[in-house]
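Thank you all for coming; I would like to take a few minutes to walk through one structure, going slowly for anyone who has not seen it before. Please have a look at the sequence and the structure, and then we will begin with one bond.

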Amino acid sequence: MSPRPPSVAGAPAGTATTAVDPAGAVAGLALDLQGGDAWTWRKRLAGTCPGCPPEAPIALHVNGSPVAAAREGDAFAATVPLAPGANEVVAVATLPDGREQRSAATTHTLRLSPGPTARIAVTVASDGFVLDGGGSEPSPSDRSPIRDFAWSAPHGNPAPLAARGETATALVPLDRGAPVAARRLILAPPAVDGDYRVSLRVVDAAGRGDTAATTVVVEGGAPRAVDPARERPAWIDPAVVYGVVPWAFGGDGLRSVTARLDDLRDLGVAALWLSPITRTPPGGFGYEVLDYFAVRDEYGTLDDLCELVRQAHARDLRVLLDVVPNHSSSQHPYHRDAEAHGSASATYDFYDRDAAGTPTHYFNWRHLPNLNFANPEVRRFALEALAFWVREVDVDGFRVDAVWGIRQRRPAWLGEFVDEIRRLKPDALIVAEASARDPFYAAAGFDAAYDWTDQLGHWAWADVFAAPPPFGPALTAALTADRAQPDPRSLVFRFLNNNDTGDRFVTAHGPDRYRVALALLLTLPGLPCLFTGDEVGAEYLPYGPPAPIDWTDRFGLRDHVKRLIALRRQQPSLHAAGWTPLAVEPAAASLGYLRHGRAGDPPVL
């Protein structure tokens with residue numbers, strides 16, 4: 001599928017009033033739902049017809065086309081097909097004397113767009129790779145057959161690629177010129193080792209298209225199969241992530257971030273994690289989502305975000321979004337409609353509810369009602385909301401907020417989400433805001449999870465630096481606990497500051513201890529994350545009044561951080577998993593550890 005849902009500014013509402021036959025034969029024929037947004041190609045609709053004769057058939061007319069409804073007493077229901085856009089639905093009962101009783105019309109607006117779904121299967125052959133697009137799926141709306149298959153390779157692969165279609169004999173360059181048109185592609189292994197990305201574009205008979213991608217690996221000069229359940233994209237291991245709060249960069253939001261990209265590239269980070277950029281109530285940090293498909297006005301426009309991503313990619317920087325599928329704002333149009341109209345609202349069941357019908361929430365987050373992932377429409381809505389930013393903006397991954405909530409209510413959806421993002425962008429980085437000590441997230445395909453203890457939201461290093469030296473034993477205990485659930489794919493997402501840590505580390509512990517902590521952060525196993533202003537010791541509160549921070553390097557930290565990042569990138573052992581604590585003297589003032597990786601990589605002391 002390649003849908004591009006429009007911005008959801010509100011839920012269209014029909015009026016489920018009672019229709020009365022002019023002759024008064026039957027009164028009260030009505031549909032249960034008043035209408036609204038729909039995220040399914042086929043929707044189950046129901047209603048009642050009090051006093052309808054048992055022999056009177058009832059049909060639901062969708063844009064004029066009837067679908068017979070099943071009856072049980074006065075109740076009736078039918079599963080009806082929906083077309084993209086507005087669908088007018090009317091229930092019609094045909095009375096024994098031939099007269100028709102009609103309900104008031106409701107409107108269900110389908111937010112999905114028709115189109116095929118591209119899929120790639122990869123097998124390793126003696127002479128290279130076989131990439132097969134035959135598993136691509138036609139649009140569920142009309143089953144229009146897939147007509148064209150076109151393979152291409154983006155810029156940035158370690159070496160040029162050459163391929164041929166299954167009926168061709170000559171290899172042609174895949175990195176330039178016209179794409180190779182074939183359902184199956186034979187890809188010759190290039191001479192340079194590395195990860196290679198290949199894309200497939202499919203187009204159906206109606207001219208609608210979709211694009212998927214895959215990664216193939218050459219190792220030791222030979223093609224190698226990739227196990228996505230146990231391997232991370234190669235770029236992630238040496239990476240340092242940088243958390244970006246756009247308002248802290250300047251008054252122009254996303255444009256202010258774009259203006260500082262050269263500084264971030266010079267620092268050496270590999271990826272930017274943008275705090276929530278979707279529309280939110282004024283003054284909010286962004287986790288109270290009003291529109292999952294629109295950029296918040298204070299930060300700019302969709303074009304501003306696209307330009308930021310383009311400019312970042314031009315500097316070999318990747319861009320991640322902070323996304324919030326667990327809940328919406330209580331002011332979201334879907335929740336407001338549900339609160340106003342109760343069970344007659346088409347989005348009433350979009351929210352998780354207790355036995356009394358009250359929307360559930362976590363902690364004191366009454367303004368953040370949980371979405372109902374037991375509802376397949378919600379699962380599709382959330383999936384489309386996240387995939388939208390990959391398709392339309394080309395973002396490179398996500399930090400998924402409150403993912404532990406979905407894990408409690410609908411864990412299977414998280415695997416579906418990861419699979420869809422990998423289909424679109426196989427080298428995406430996906431980080432769970434949940435403890436890395438829970439093996440579930442690595443098993444579901446997440447690349448990293450938070451440096452938390454088993455207690456939700458509790459930073460594993462929280463008690464390490466608050467106590468007087470020696471802090472080595474406490475740090476060693478925390479790092480050892482991180483390894484209690486080993487998984488070759490899992491990384492611990494490490495930080496000293498983020499949006500939830502309150503006072504900055506330098507404020508709480510001073511510049512000297514902060515300098516030591518930065519060295520630990522950037523030389524220990526895991527995926528390190530710096531946050532806005534960390535490299536200059538900026539002091540502010542992320543949830544405080546939004547204002548640009550002071551970028552003055554008052555403590556002389558930037559060069560220290562830059563050297564540590566460069567060292568991590570250059571030394572394979574520093575971005576490997578091997579870590580061995582060492583006994584050193586004097587223990588009260590020193591901490592020693594050995595970092596080691598694959599055989600042949602020199603260890604770092």
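This is a predicted model: local features need pLDDT of at least 70, side-chain atom pairs count only at pLDDT 80 or more; totals for chains, interfaces and linings use all residues.

The torsion about the S-S bond of Cys49 and Cys52 is about 45 degrees, so this disulfide is right-handed. As a reminder, a disulfide is a covalent bond between the sulfur atoms of two cysteines. Cys49 and Cys52 are both buried, and the count of disulfides comes to one. Two further cysteines can be mentioned here: Cys306 is buried, with a relative accessible area of 13%, and Cys529 is buried as well, at 0%.

Let me turn to a sheet. Five strands make up an open sheet, in the order β12-β13-β18-β15-β16, and their pairing is antiparallel. Its edge strands are β12, residues 121-125, and β16, residues 172-173, each of which pairs on one side only. Within this sheet, strand β13, residues 128-132, and strand β18, residues 184-188, are joined in the antiparallel sense over four bridges, and Val130 has Ile186 of β18 as its bridge partner.

Next, a helix. Which residues of α5 are buried? In this helix, which covers residues 333-341, they are Pro333, Tyr334, His335, Asp337 and Ala338, and what covers them includes β3, residues 35-38, and α6, residues 376-393. After α5 comes Gly342, whose phi is positive, near 60 degrees.

Is Thr532 buried or exposed? Its relative accessibility is 0%, and buried means under 20%, so Thr532 counts as buried. A polar atom of the Thr532 side chain lies 2.8 Å from the backbone oxygen of Gly243. Leaving aside neighbours within four places in sequence, the residues in contact with Thr532 include Tyr242, Val244, Phe249, Tyr540 and Trp551.

The other residue is Ala222, which belongs to strand β21, residues 222-224, and which is partly exposed, with a relative accessible area of 33%. Although Ala222 and Pro190 are 32 residues apart along the chain, their C-alpha atoms are separated by 8.5 Å.

Conventions. Residues are numbered from 1 along each chain as its sequence is written. Side-chain values use heavy atoms; hydrogens and water are left out. Buried means under 20% relative accessible area, exposed over 50%, partly exposed in between (1.4 Å probe, protein chains only). Helices (H or I, at least four residues) and strands (E, at least two) are DSSP runs, numbered from the N terminus. Contact means heavy atoms within 4.5 Å. A polar contact is a pair of N or O atoms within 3.5 Å; within protein, one must be able to donate a hydrogen and the other to accept it, and residues adjacent in sequence count only if both atoms are side-chain atoms. Two strands pair if DSSP finds at least two bridges between them. A disulfide is a pair of cysteine sulfur atoms within 2.5 Å.
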